[in-house]
Amino acid sequence: MEDTIKIALCDDEQMVEDRFKELLKNYMEQKNLAYEFYYYKTGKQFLENAEQFSIVFLDVEMPEINGFQIAEILRKKKLEIEIIYLTNHGEMARQAFKVRALRYLQKPCKKEEWIEALEAALYEISRQSIIKVKKTDENICFIETEKMEYIESLGDDTCIYCLENEFIISKKSLKDWEEKLKDDFFRCHKSYLVNLGAVKSCINKKFILESGKQVPISYRKKKAAELTIIQYRKEKARFY
């Protein structure tokens with residue numbers, strides 16, 4: 001987890017800001033966590049500064065641009081901000097799922113609901129791991145595991161395919177990576193290890209990734225792949 005956690009509240013109701021600011025202050029001081037809090041009354045103001053934040057509590061119903069539109073912009077920019085929605089209308093929850101919202105709180109929010117959502121967001125930030133990769137040219141680089149889509153065997157070496165069409169040639173074998181990344185990655189083929197968090201669907205012996213890339217699944221791994229992705233989504237669900 002970063003040293004100072006930057007948290008935003010984007011809501012046009014001043015009383016919501018007053019209540020949350022005090023609650024946040026008490027909680028973060030009790031946990032001895034360094035943080036910075038910013039309040040925005042409009043989505044436009046928040047979007048101008050969004051890149052600095054790790055967590056945003058976001059009102060759905062706002063003038064000019066609503067919370068769902070804001071989230072779509074954040075995701076298009078590939079900003080990995082934990083989004084917690086605030087709303088007066090519970091029937092909008094399905095839309096929150098589409099933009100990978102972490103929580104969806106219905107106003108007026110109870111103290112324990114604020115706290116649970118905040119703790120869930122802090123947990124997500126803490127679990128984002130960065131690993132060291134030794135490349136075949138002996139240079140060292142660092143990469144967030146969430147940005148790794150899949151890994152392909154190149155004999156004794158491997159190729160790590162990342163978001164935005166980047167790739168890294170590593171000196172580790174696929175077996176070594178499988179042991180290191182066993183919690184969030186699945187060996188779907190003798191030559192491939194896939195990040196389950198990057199998977200959009202499982203069709204015709206292939207994993208279809210969110211980026212549109214495809215990773216083959218061997219025949220003997222087909223059933224296990226289907227069950228694994230279902231179980232992974234149950235355990236790692238980002239919204240309920």
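Me: Let's start with Ser-218. Which residues does Ser-218 touch, not counting those up to four places away in sequence?
Reply: Ser-218 touches Cys-188 and His-189, where contact means heavy atoms within 4.5 Å. Keep in mind that this is a predicted model: local features need pLDDT of at least 70, side-chain atom pairs count only at pLDDT 80 or more, and totals for chains, interfaces and linings use all residues. Residues are numbered from 1 along each chain as its sequence is written, and side-chain values use heavy atoms, with hydrogens and water left out.

Me: Ok, and where is Ser-218 found? Is Ser-218 buried or exposed?
Reply: Ser-218 is in the loop between strand E15 (214–216) and helix H7 (222–235). Helices (H or I, at least four residues) and strands (E, at least two) are DSSP runs, numbered from the N terminus. Ser-218 counts as buried, at 17% relative accessibility. Buried means under 20% relative accessible area, exposed over 50%, partly exposed in between (1.4 Å probe, protein chains only).

Me: You mentioned His-189. What is the bridge partner of His-189 in E12?
Reply: Tyr-192. E11 and strand E12 (residues 192–195) pair in the antiparallel sense over 4 bridges; two strands pair if DSSP finds at least two bridges between them.

Me: What's the order of the strands in that open sheet?
Reply: The order is E10-E9-E8-E12-E11, 5 strands with antiparallel pairing. Strand E10 (167–170) and strand E11 (185–189) stand at the edges with a single partner strand each, so one side of each has no neighbour in the sheet. On average, neighbouring strands of this sheet are turned by 20° against each other, direction ignored. For that angle, axes are lines fitted to C-alpha atoms, for helices over the stretch in contact, and angles run from 0 to 180 degrees between N-to-C directions.

Me: New topic: helices. Which residues of H3 are buried?
Reply: In helix H3 (residues 67–76) they are Gly-67, Phe-68, Ile-70, Ala-71, Leu-74 and Arg-75. Seen down the axis of H3, these buried residues fall within an arc of 155°, so they line one face of the helix. The arc is that of the directions from the helix axis to the C-beta atoms.

Me: What about the ends of H3? Which residue caps the N-terminal end?
Reply: Asn-66 does, with a side-chain oxygen 3.0 Å from the backbone nitrogen of Phe-68. After H3 comes Lys-78, with a positive phi near 60°.

Me: Where does Glu-64 lie, and what is its phi near?
Reply: Glu-64 lies in the loop between strand E3 (55–59) and H3. Its phi is near 70°, a positive value in a residue other than glycine. Glu-64 is exposed, with a relative accessible area of 75%.

Me: And Asn-204, where is that?
Reply: Asn-204 is in the loop between strand E13 (199–203) and strand E14 (206–209). The hairpin of E13 and E14 has 2 residues between the strands, and there Asn-204 takes a positive phi near 50°. Asn-204 is exposed, at 68% relative accessible area. E13 and E14 pair in the antiparallel sense over 4 bridges, and Val-199 stands opposite Leu-209 in E14.

Me: Last one: what is Phe-53 in contact with, leaving aside neighbours within four places?
Reply: Lys-6, Ile-7, Ala-8, Tyr-38, Tyr-40, Phe-46 and Ile-81. The C-alpha atoms of Phe-53 and Ile-7 are separated by 5.8 Å, though these residues are 46 residues apart along the chain. Phe-53 is buried, with a relative accessible area of 4%.

Note on methods. Polar contact = N/O pair within 3.5 Å; in protein donor to acceptor, adjacent residues only side chain to side chain.
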